[in-house]
Amino acid sequence: MDSNKKLTIAVGIPTANNEDTIRETLESLLRQTVQPDRIIIIDASTDSTPNIVRSVNKNTSVPIEIHQQSTRGQGVGGARQDIYDLLEEDILACLDTQKKVGSRWIETRLQFHRGNPEYDILSGMRSTESVDR
């Protein structure tokens with residue numbers, strides 16, 4: 001990875017019936033010191049989660065895409081595969097719907113990848129907290 005290249009980052013969120021937490025999760029991503037280039041949501045909801053995502057998307061310059069989960073796999077694993085298929089950015093940061101993140105969450109990941117280009121996958125950097133519901 002070229003250390004002078006501007007890295008792009010997408011956040012992937014699998015969700016299903018998380019109308020109580022999705023807004024707070026998205027709002028925490030939109031308050032970042034460094035904005036993500038795109039937010040990809042794979043949805044398997046029967047509640048108002050998609051409507052909430054569309055509402056948040058109207059009020060931000062960060063593209064938020066919501067896609068119906070494919071039928072090739074179920075649950076989080078299937079949703080993450082759908083996210084991988086849509087990824088165009090250099091880095092993917094996955095986040096659960098029931099989480100909100102601190103304001104430097106994206107910045108920290110970008111710094112890590114710039115300083116450690118030999119790593120293709122990063123998992124479990126501790127900087128999230130649960131959304132209480």
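Biologist: What is the mean pLDDT of the chain?

Modeller: The mean is 88, and 88% of the residues reach 70 or more. pLDDT is the predictor's confidence in each residue, from 0 to 100.

Biologist: And where does pLDDT stay under 50?

Modeller: That happens over residues 127-133, for which the model has 24 contacts beyond four places in sequence. Contact here means heavy atoms within 4.5 Å. Where pLDDT is low, the predicted coordinates should not be read in detail.

Biologist: What share of the residues counts as buried?

Modeller: Of the 133 residues, 38% do. Buried means under 20% relative accessible area, exposed over 50%, and partly exposed in between (1.4 Å probe, protein chains only).

Biologist: Which residues of the largest nonpolar core touch the most other members?

Modeller: In that core of 21 residues, they are Val-11, Ile-13, Leu-26, Leu-29, Ile-39, Ile-41 and Trp-105. At least two core residues come from each of β1 (9-15), α1 (22-30), β2 (38-43), α2 (49-57), β4 (91-94) and α4 (105-115). Another core, of five residues, lies apart from it, with Ala-10, Ile-40, Ile-42 and Ile-83 among them. A nonpolar core is a set of buried Ala, Val, Leu, Ile, Met, Phe, Trp, Tyr and Cys residues joined through side-chain atoms within 4.5 Å.

Biologist: What is Leu-29 in contact with?

Modeller: Leaving aside neighbours within four places in sequence, Leu-29 is in contact with Val-11, Ile-13, Gln-35, Pro-36, Ile-39, Leu-95, Val-101 and Trp-105.

Biologist: Staying with that helix, which residues of α1 are buried?

Modeller: Ile-22, Thr-25, Leu-26, Ser-28 and Leu-29 are the buried ones. Seen down the axis of α1, they fall within an arc of 155°, so they line one face of the helix. The arc is that of the directions from the helix axis to the C-beta atoms. These buried residues pack against β1, β2, α2, β5 (99-101) and α4.

Biologist: Changing topic, where is Asp-37?

Modeller: Asp-37 sits in the loop between α1 and β2 and, at 29% relative accessibility, counts as partly exposed.

Biologist: What does the side chain of Asp-37 reach at 2.7 Å?

Modeller: It reaches the backbone nitrogen of Ile-9. The Asp-37 side chain also makes a polar contact with the side chain of Lys-6 (3.5 Å). A polar contact is a pair of N or O atoms within 3.5 Å; within protein, one must be able to donate a hydrogen and the other to accept it, and residues adjacent in sequence count only if both atoms are side-chain atoms.

Biologist: And where is Asn-17 found?

Modeller: In the loop between β1 and α1. A polar atom of the Asn-17 side chain lies 2.6 Å from the backbone nitrogen of Thr-46. Asn-17 is also in contact with Ser-45, Asp-47 and Thr-49, among others beyond four places in sequence.

Biologist: Last one: is Thr-49 buried or exposed?

Modeller: Thr-49, in helix α2, counts as buried because its relative accessibility is 0%. Leaving out residues up to four places away in sequence, Thr-49 touches Thr-15, Asn-17, Asn-18, Glu-19, Ile-22 and Asp-43.

Key: Residues numbered from 1 in each chain as written. Predicted model: local features only at pLDDT ≥ 70, side-chain atom pairs only at ≥ 80, totals over all residues. Heavy atoms only, no water. Helix = DSSP H or I, 4+ residues; strand = E, 2+ residues; numbered from the N terminus.
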